[in-house]
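Take a look at the structure below. We will walk through it one place at a time.

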Amino acid sequence: MEQAYDFGLIGLGVMGRNFILNVADNGFTAFGNDLDDEKVNALKEEGGDLAKVNATTDVATFVKALAKPRKIMMLVPAGKIVDAVIEGLLPHIDKGDIIIDGGNSFFTDTDRREAYLSEKGIHFFGAGVSGGAKGARKGPSIMPGGSKEGYAAVQPIFEAVSAKYRGEPCVAYLGPKSAGNYVKMVHNGIEYGLMQLTSEIYDVLKKGGDLSNKELHRTFKTWNEGRLQSFLVEITSEIFEQRDELAEGHLIDQILDKAKQKGTGKWTSQNAMDLGIPVPSIDIAVSMRELSALKDERVKADALYDRPAVTGIDKEILTKMTEEALYFSFIITYAQGLHQLADASKEYGYDVDIATIAKIWRAGCIIRAGLLADITDAFKADATLPNLLLSPSFIEKVKATVGSARKLVAYGATNGIPLPGVSNSLTYFDAYTATRLPLNLIQAQRDYFGSHTYERLDKEGIFHTEWGQ
Ligand code: 6PG
């Protein structure tokens, strides 16, 4: 009898190739499929032993090579390609087989696909995979949701290949339907927020504190050894060290300041709006990527307006202030993303456990951070916590750092250094912790011009006034 492989993977780009090699490293046999001959051959060569890792360009051969129930993961670009791959598989697979979408698919697409495939007796689930190419090879964080039965079949493989935090695998079944893709989407929204924040802090350290790349490297490196310990802070410190191969100096100084995006951060913002959950630290991160793309207009506008001359600030003072402001803003960004997840869980029936999500984000993924251990504990202590800011264990952390966020935002505003992420995080904090906001006036205005009615502080009921009479 021909060999039956444990795991199949479609899409042998960098992520797919690394993931399948990771599966093989962990003692499972794996078979790959891609339309591209070169990718198929590259995998066979890198795998070394065809009994462990094999591949083909032909779907029928691929499916035939897999042990039943077949466990087939797709790592292909989100969108129509996913549907095309599924259609290509359907004539060859059987009831009870499992298809996993490991890409960043939009969650409603996952719901549609799950409904479609479950009618055909196929288990389908979306599993967000985070950690980039290195993570896929050495241990990503995996966020599966959807068919529970389907997940049970691949659980041993996923647990073996995932990153480990103190021995615990960074993967867990998160909930039905598109729970996995939704969690990955919000992960990316938080990722956008944290990246925006680190870029602002870099800007203010450079413009206000005149820190050289070497000093920036050291600063982020030191921070990474403290409470800001995180993958993004770590790679930021390394980025400032990278020499340029094409010109003199450091590479960072030659990179065009236009940030691209594939859309997951935008989806997070859009869906937060749909749910009515404020995530301004994520919203602004999306807007800043959009603003950065308007380079030509920015250059023209720069010539039209004066910018205040920057008043320098002592490096040590600024470093302390920025560390605190960044820590504060990181907390606020996680708080917003998790708030959105908690609400989405109710709205879409995912019934996710926030502590489990924070737990599987502690290693392997792009937003992994020391803070996530504290966040996990906070939600373990109270699974119904609506917002991290209400957790007793976060009150002191926030109180101790919010003052620096205020000082930094004021400094940025006075000196014309945009700090929208820190500033939005601070504004969110000030508004979320305010018993009274001035939106009573908005209600009055709405009722004034549109008879939209209002409620009162002192009496139950709905009221309308003939204003100005
Ligand atoms: C991850 C990342 C990854 C994402 C890239 C690029 O968790 O490994 O989130 O899934 O695709 O970070 O995203 P943008 O192109 O939108 O910045």
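**Around the ligand**

Start at the side chain of Lys184. One of its N or O atoms is 2.7 Å from an oxygen atom of the ligand. This is a predicted model, so keep that in mind as you read. Now turn to Glu191. An N or O atom in the Glu191 side chain is 2.6 Å from a ligand oxygen atom. Gly131 takes part through its backbone. A polar backbone atom of Gly131 is 3.0 Å from an oxygen atom of the ligand. How much of the ligand does the protein bury? Taken alone, the ligand exposes 420 Å², and the protein buries 80% of that.

Next, look at the surroundings. In total, 14 residues surround the ligand. The closest are Ser130, Lys184, Glu191, Tyr192 and Arg289.

Now move to a pair of helices. Two packed helices are described by the angle between their axes and the distance between the axes. Helix H12 spans residues 280-293, and helix H14 spans residues 315-348. Their axes are 8 Å apart, and the helices pack at an angle of about 100°. Angles of 65 to 115 degrees count as roughly perpendicular. H12 and H14 are therefore roughly perpendicular to each other. Which residues meet here? From H12 come Pro280, Ser281 and Ile282. From H14 come Ile332, Thr333, Gln336 and Gly337. Three residues of this contact are nonpolar, four are polar and none is charged.

Finish with two spots in the backbone. Lys68 and Pro69 are joined by a cis peptide bond, with omega at about -10°. Pro69 lies in the loop between helix H3 (59-64) and strand E4 (71-74). The other spot is Lys177. Lys177 sits in the loop between strand E9 (168-169) and helix H8 (179-209). Its phi is near 50°, a positive value in a residue other than glycine.

Notes
Residues are numbered from 1 along each chain as its sequence is written. This is a predicted model: local features need pLDDT of at least 70, side-chain atom pairs count only at pLDDT 80 or more; totals for chains, interfaces and linings use all residues. Side-chain values use heavy atoms; hydrogens and water are left out. Axes are lines fitted to C-alpha atoms, for helices over the stretch in contact, and angles run from 0 to 180 degrees between N-to-C directions. Helices (H or I, at least four residues) and strands (E, at least two) are DSSP runs, numbered from the N terminus. Angles under 35 degrees count as roughly parallel, over 145 as roughly antiparallel, 65 to 115 as roughly perpendicular and the rest as oblique. Contact means heavy atoms within 4.5 Å. Ala, Val, Leu, Ile, Met, Phe, Trp, Tyr, Cys and Pro count as nonpolar, Asp, Glu, Lys and Arg as charged, and the others, Gly among them, as polar. A residue is near a molecule or strand if one of its heavy atoms lies within 4 Å of it. A polar contact is a pair of N or O atoms within 3.5 Å; within protein, one must be able to donate a hydrogen and the other to accept it, and residues adjacent in sequence count only if both atoms are side-chain atoms. Accessible areas come from the Shrake-Rupley method with a 1.4 Å probe; for residues, only the protein chains shown count as cover.
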